[in-house]
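Please read the following briefing alongside the sequence and the coordinates.

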Amino acid sequence: MHIDLRHEIRHDKMALLGILMLALILFMAVFAPLLTPYSPSEYTGRIFSPPSLDHLLGTDSVGQDIWTRLLYGARTSLLVAASVALLASSLSVFIGASSALVGGLYERFWMRVVDVMISLPTIIVMILIAAYFRPSLPLLILLISAFSWPGGARIVRSQVLTLKERMHIYAARTFGADQMHILKNHIVPDISPIIASMMIQDARRAVFMEAGLAFLGVSDPLIISWGKMMHQALAFTYLDVWKWWLLPTGILLSLTLVGLSFLGVCIEAAMDPRLCRHEHEHGQEHEHEHEHWNDYEGGLDHEIETEQPDNGDVGFLEAGEC
Amino acid sequence: MQNEGSRRGGSALSYLIALLTIFALNFILPRMMPGDPLQAIYGDEALVAMTPQMEAHLIELFALDKSWSEQMVAYVLALLQGNLGFSYYYKDEVSSVIMGALPWTLLLVGLSLLVATAMGVILGIESGYRRGERIDRGLLAGLMLLGGLPDFFLGIVLLLIFGVSLNIFPLSGAITPYSGLEGFPLVVDIARHLALPLTALVLVDLGGIFLLTRNTVVTILKEGFMLTARAKGCSELCLRYSHAGRNALLPVTTATGLRIPQLITGALFIEIIFSYPGLGLMLRTALDARDYPLIQGILLLATVTVLTANLFVDRIYQRLDPRVRYAH
């Protein structure tokens, strides 16, 4: 798996658009204190005031500044997204790769756990647990991570199973490399595009789940969350406040989720040569298709023989422009 | 064949373990809460309304004065008898409360499963067949954008546009209360109430099935048998549906099983937004009132449905694709 992700993203309008959306949210989250004079838990004393210079998006039903809460809500969403992406994908890589490398009973145990967890409807189980515990932010992150790793672990395992038979891994082993070294220096770099796509999916699911649980009203009441703002705002659709309360909140949440999806789709398409996006721009697409498949396979053989993956990579990219 | 048998047995075992995990969670969670287990099982508010006889009856029912293992046995026995407990909020057995709301959810989920699958497959085939043309790119971008939106926001947007601003469709409920409608007007009334939630759920669900069908069709178009079919003189329609479309059905079937959990959770959110009187709205009420037996009952039903659907699709898949049956 040798794909230059930076190249892929730079040449994909959709991925760039996704990054732009995420950058906007990140900007709001990082500079939140500079963009508003209020604190998110401050009560202004005026409820349902319409947008004005004092309150850009007005105030909500308890008199808190909506714009301020939106900014700090971005922090919660991004914090949950980043932490879950890191935690869950680390678990996926570690459990998936170690299962493939160690094998035996250890592998069978973990794959059984993965099977069981994949067949469980995650959100429903999360709602059940959250209904009892009303989890705080760290607990919420741990919970979402605990339910997010199995899918990734299965993918990582299958990738590592083929990878570990490659020559360069055998070579490393004859030089006395232990499993940890092989995992860190040979396997993780090789599957990095898969890890990137996994992290984006984990992040997306985490943002959705945090918002969803808050929307149902089962997360810690102290968390400032877009989901909870929508939960509160939905009760007042008969007033005009939805225009500056419900709608902007939903739009920001959607921007975050859509941005992550766009980025994820780009990476996934880059990894699947069958879905080569630029092929319709060529006149003779079938011939190109064959060329690029041959080159791809040729590249792999080449790689195994000489351990110079860069050569295969260049041929692959030139032939298909994928 | 033996290998296949063990694989099948393996997947069934996974579902069984998953089911037992859920039972265990339902059993352990309330007992992990601080304080009186009866209070945790039934919630604070329930205890206020409880008479001493009822309390004694419940303690006996759950064997709460006995050891954990005996409690477990009592819990499993009650479940096997279909006894999900008593909802203090609705003042009725949980199972009968759920039965009251279930038809509306089934109507919503079932219809959107049908509509979304049909629309997704047809649009996917047409779009994949015209890959790269304007209509394909438009559909792809549009549906991916829709699929990227959180389902509850899509519902809210529909509600705000068609319910609040334009006032075309009713804002909440499944039928107009006290209207005394019968026969055909009743059906129209139900359809009018169903229109927005159904649209929201279909739009959320459509993207995935569309993308899958389209991508499968794109890869199938390059197969040799498509060329043969064209050489035989098959019509375009026959090429598209009998050859490309039929082969694209397999992944769609698998994906249908995977979509059911999403549809069910999607329906929970959509029902809350449109105050549609199904299980989702009931769950929201139960969560707000901390009516734990009802929460457990609804979520248990949802989980069992999802597990059954997945198991079913696993089996169907092996029947549909001879390659899977003979490959092992």
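**Briefing on the two-chain model**

In chain B, helix α5 is followed by B:G82, whose phi is positive, near 75°; helices here are DSSP runs of H or I with at least four residues, strands are runs of E with at least two, and both are numbered from the N terminus. The model is a predicted one, in which local features need pLDDT of at least 70 and side-chain atom pairs count only at pLDDT 80 or more, whereas totals for chains, interfaces and linings use all residues. Residues are numbered from 1 along each chain as its sequence is written, while chains are lettered from A and ligands numbered from 1 in the order in which they are written.

**Confidence**

- The model scores ipTM 0.81 and pTM 0.81.
- For chain B the mean pLDDT, which is the predictor's confidence in each residue on a scale from 0 to 100, is 81, and 88% of the residues of chain B reach 70 or more.
- Within chain B, confidence is highest in helix α6 (residues 94-129), at a mean of 90, and lowest in helix α14 (residues 322-327), at a mean of 58.
- Residues 1-8 of chain B have pLDDT below 50, and beyond near neighbours in sequence this stretch has two contacts in the model, a contact being a pair of residues whose C-beta atoms, placed from the backbone, lie within 7 Å.

**Chain A**

- Chain A has 14 helices and zero strands.
- Of the 322 residues in chain A, 45% are buried; a residue is buried if 20 or more other C-beta atoms lie within 10 Å of its own, exposed if 12 or fewer do, and partly exposed in between, with C-beta atoms placed from the backbone.
- Among the contacts in chain A between residues at least 6 apart in sequence, 70% join residues at least 24 apart.
- A:S192 is found in helix α10 of chain A, and A:S192 counts as partly exposed because there are 14 C-beta neighbours inside 10 Å.
- The C-alpha atoms of A:S192 and A:V207, which are 15 residues apart along the chain, are separated by 22 Å.

**Contact between the chains**

- The contact takes 37 residues from chain A and 39 residues from chain B.
- On the side of chain B that touches chain A, the elements giving two or more residues are α1 (2-32), α7 (134-148), α8 (151-165), α9 (184-220), α11 (236-273), α12 (279-289) and α13 (292-320) of chain B.
- The largest share of this side of chain B, eight residues, comes from α1(B).
- The residues of chain B that touch chain A divide into 26 nonpolar, nine polar and four charged, where Ala, Val, Leu, Ile, Met, Phe, Trp, Tyr, Cys and Pro count as nonpolar, Asp, Glu, Lys and Arg as charged, and the others, Gly among them, as polar.
- B:P30 lies in helix α1 of chain B and, because it has 20 C-beta neighbours inside 10 Å, B:P30 counts as buried.

**Helices α5 and α8 of chain B**

- The 13 residues of α5(B) (residues 68-80) should span 18 Å at 1.5 Å a residue, and the end C-alpha atoms are 18 Å apart, which agrees; the expected span is 1.5 Å times one less than the number of residues in the helix.
- The buried residues of α8(B), among them B:F152, B:F153, B:I156 and B:L159, pack against α10 (192-216) and α12 (246-271) of chain A together with α7, α9 and α11 of chain B.
- Just after α8(B), B:N167 takes a positive phi of about 60°.

**Nonpolar core**

- The largest nonpolar core has 157 residues, of which A:V84, A:I127, A:A203, A:A206, B:L201, B:I295 and B:I298 touch the most other members; such a core is a set of buried Ala, Val, Leu, Ile, Met, Phe, Trp, Tyr and Cys residues joined through C-beta atoms within 7 Å.
- The largest share of this core, 16 residues, comes from α10(A).
- Not counting residues up to four places away in sequence, A:I127 touches A:L213, A:L216, A:V218 and B:L299.
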